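Subject: Structure handover

Hello,

Here is the structure I promised to pass on. Please open it next to this message, and then read my notes below.

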Amino acid sequence: MSGADDPGRPLGLDTLVRLGRRQHPPAPVLRLPVPEGMTSPLGCDAVAVPDHLGPLIVPRLPRVGCVYADGAHWWWIVPSDSDYALPWPAPAHYAAGAVVPATARLIHRPEGTVPYTPPIPLYLALCRVTGTTPDWSRAVSA
């Protein structure tokens with residue numbers, strides 16, 4: 001008999017997790033698909049920016065890879081682990097595995113077979129349009 005069946009017994013962690021999942025069904029998500037004919041040898045993550053910033057970032061990039069939109073954000077495909085030792089500035093959101101809301105659709109496909117936007121130029125462009133100092137340029141306190 002589990003804790004849920006016996007009111008005198010405390011609930012176990014498994015039972016609490018199951019009950020919590022029943023109360024809040026997960027929002028539908030999707031892993032951004034790499035378009036047919038493209039390969040992702042470095043894996044895929046995604047960086048989201050509010051959709052009003054997308055057009056400000058594009059001209060600052062040497063190459064624009066696959067970009068998806070969901071109505072509120074533009075999602076840029078970057079190689080996996082592009083967040084390693086690199087805190088992306090607000091209001092960006094980093095999505096490991098390129099898992100995004102299910103409504104995202106492809107709005108830009110680059111020439112060639114690689115879906116990536118180079119992460120460092122994307123990071124710098126995002127810092128520029130948001131007025132954020134790049135992390136490595138900040139003063140170090142003793």
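**The loop between β4 and β5**

A85 is found in the loop between β4 and β5. One caution before going on: this is a predicted model.

A85 has a phi near 55°, a positive value in a residue other than glycine. Most residues other than glycine have a negative phi, and most peptide bonds are trans. Is A85 buried or exposed? At 69% relative accessibility, A85 counts as exposed, because the cut-off for that class is over 50%.

D81 sits in the loop between β4 and β5 too. Its phi is near 65°, again positive in a residue other than glycine. D81 has 57% relative accessibility, so D81 counts as exposed.

S82 belongs to the loop between β4 and β5 as well. S82 is buried, with a relative accessible area of 9%. Which residues does S82 touch, leaving aside those up to four places away in sequence? They are D45, W88, Y94 and P119.

P91 is another residue of this loop between β4 and β5. The peptide bond that leads from A90 into P91 is cis. Its omega is near 15°.

**The whole chain**

Now step back from the loop. The chain has 142 residues, and 36% of them are buried. It contains 3 helices and 7 strands. Along the sequence, the pattern reads α-β-β-α-β-β-β-β-β-α.

The chain exposes about 8700 Å². Carbon and sulfur atoms supply 58% of that area.

**The sheet**

In what order do the strands of the open sheet run? The order is β5-β2-β4-β3-β7, 5 strands with antiparallel pairing. β5 (93–95) and β7 (105–108) stand at the edges. Each has a single partner strand, so one side of each is left without a neighbour in the sheet. From one strand to the next, the twist averages 30°.

- β2 pairs with β5 in the antiparallel sense, over 3 bridges. Here A48 stands opposite H93 in β5.
- β2 (residues 45–50) also pairs with β4, antiparallel, over 6 bridges. A46 has I77 in β4 as its bridge partner.
- β3 (residues 67–69) pairs with β4 in the antiparallel sense, over 3 bridges. A69 has W74 in β4 as its bridge partner.

β4 covers residues 73–78. How many of its 6 residues are buried? The count is 5, and the strand is mostly covered.

β3 and β4 form a hairpin, with 3 residues between the strands. G71 in this hairpin takes a positive phi near 100°.

In a regular strand the side chains alternate between the two faces of the sheet. Keep that in mind as you look along the strands.

**Y68 in β3**

Y68 is found in strand β3. Y68 is buried, because its relative accessible area of 3% falls under the 20% cut-off. Leaving aside residues up to four places away in sequence, what does Y68 touch? Its contacts fall in several parts of the sequence:

- L32, P33, V34 and P35 are among them.
- H73, W74, W75 and I77 are also on the list.
- A104, R105, L106 and I107 complete it.

Y68 and A46 are 22 residues apart in sequence. In space they are 9.5 Å apart, C-alpha to C-alpha.

**A nonpolar patch on the surface**

Last, look at the surface. I120, L124 and W136 form a nonpolar patch there. Together they have about 300 Å² of accessible area. Where is W136? W136 lies in the segment after α3 (119–130).

**Where to look**

If you have only a few minutes, take these in turn:

1. The cis peptide bond from A90 to P91.
2. Buried S82, and then exposed D81 and exposed A85.
3. The β5-β2-β4-β3-β7 sheet.
4. Y68 and the residues it touches.
5. The patch of I120, L124 and W136.

Best wishes

Technical notes:
Residues numbered from 1 in each chain as written. Predicted model: local features only at pLDDT ≥ 70, side-chain atom pairs only at ≥ 80, totals over all residues. Heavy atoms only, no water. Patch = residues over 30% accessible without salt bridge, like charges linked within 9 Å, V, L, I, M, F, W, Y side chains within 5 Å. Areas by Shrake-Rupley, 256 points an atom, 1.4 Å probe, with all protein chains shown as cover. Salt bridge = Lys/Arg side-chain N within 4 Å of Asp/Glu carboxyl O. Helix = DSSP H or I, 4+ residues; strand = E, 2+ residues; numbered from the N terminus. Buried < 20%, exposed > 50% of the residue type's maximum accessible area, 1.4 Å probe, protein only. Pairing = 2+ DSSP bridges. Axes fitted to C-alpha atoms, helices over the stretch in contact; angles between N-to-C directions. Contact = heavy atoms within 4.5 Å.
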